[in-house]
Amino acid sequence: MMLIADSGATKTDWALIHADGTAQYLTTQGLSPVHASESQLSTVIAEELLPQLSATSPATIHRIHFYGAGCSGHYADDMHALLQRNFPGASIEVNSDLLGAAHALCGEDSGLVCILGTGSNSCLYDGQRIVCRIPPLGYILGDEGSGAVLGRMLLNRLLKDPSCVQLRDKLFQAYSLTYEDIIDRVYCQPQANRFLASLVPFVLENIGEPAILQLVLDNFRQFFRNNLCHYAATHQDIYAVGGVAHVFRSQLERVCEEFGMRLCRVLPRPIEGLVECGRWNVVV
């Protein structure tokens with residue numbers, strides 16, 4: 001049997017491929033060697049993944065293809081070692097989540113590939129490999145277009161603009177938040193990016209408000225200006241994956257048109273596309 005995984009900052013989607021070709025889908029917390037310690041990652045595998053594989057012995061897993069956020073260089077080596085300890089008999093490949101998105105979205109077509117979820121990322125993909133990539137820089141220095149940056153923009157607007165006081169109070173009530181809670185969650189508690197991205201449903205619920213719609217459009221525009229416009233692409237075909245791209249597809253398509261680009265395909269998550277594409281021999 002084979003395991004395929006796509007791991008972002010918030011969650012990991014797993015597909016267990018049985019001998020007859022059928023797929024069983026599982027979910028755990030995100031497994032990022034950049035943001036979590038080895039012991040934290042081991043705990044997620046031991047307490048979340050393995051129990052869901054209770055009817056399947058790890059010894060029967062012969063191949064693992066893991067695509068993860070931040071999985072390059074020594075971080076990819078760390079993740080490989082962690083998986084090998086838990087699945088000692090498996091042949092394991094670890095690649096970036098960006099390559100996974102390219103495989104899931106494009107197959108053998110070329111295009112500009114975007115991840116727009118809790119964080120964001122992008123690359124120019126030639127149908128075989130990633131040929132150029134603008135560094136996303138994370139939600140403090142970059143990650144334009146992401147849920148974390150959208151949440152940050154939302155809080156900045158609602159907490160500073162007196163004309164948004166009703167929306168601010170609505171947010172406070174919906175999430176049982178105070179100003180002090182927000183400051184604590186962002187500056188004192190771990191995983192502030194996940195907290196900020198957790199505000200995306202509020203944005204979606206209130207997309208009819210002009211101030212909220214403007215935030216979504218401006219977030220995407222920043223993503224295009226700071227990332228996609230820097231690629232020397234011979235075409236302008238955009239492929240996007242992630243919860244933010246999925247729920248705000250119409251706004252993303254509007255911004256694509258503003259920049260003279262074409263939105264070709266959007267997936268809420270890449271795991272189904274990865275199962276379908278069946279490409280496990282391409283490494284960046």
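**Exercise 1.** Work out whether tyrosine 187 is buried or exposed.

*Solution.* Start with the location: tyrosine 187 sits in helix H7 (helices are DSSP runs of H or I with at least four residues, strands are E runs of at least two, numbered from the N terminus). Next, take its relative accessibility, 66%. Now apply the cut-offs: buried is under 20% relative accessible area, exposed over 50%, partly exposed in between, with a 1.4 Å probe and protein chains only. So tyrosine 187 counts as exposed.

A quick note on the model: it's a predicted one, where local features need pLDDT of at least 70 and side-chain atom pairs pLDDT 80 or more, while totals for chains, interfaces and linings use all residues. Residues are numbered from 1 along each chain as its sequence is written, and side-chain values use heavy atoms, leaving out hydrogens and water.

**Exercise 2.** Find the order of the strands in the open sheet, and say which strands stand at its edges.

*Solution.* First, read the order across the 5 strands: S3-S2-S1-S4-S5, with mixed pairing (two strands pair if DSSP finds at least two bridges between them). Then check the ends: S3 (23-29) and S5 (91-96) each have a single partner strand, so one side of each lacks a neighbour in the sheet.

**Exercise 3.** Describe how S1 and S4 are joined.

*Solution.* Strand S1 (residues 2-7) and strand S4 (residues 63-68) run parallel, and 6 bridges join them.
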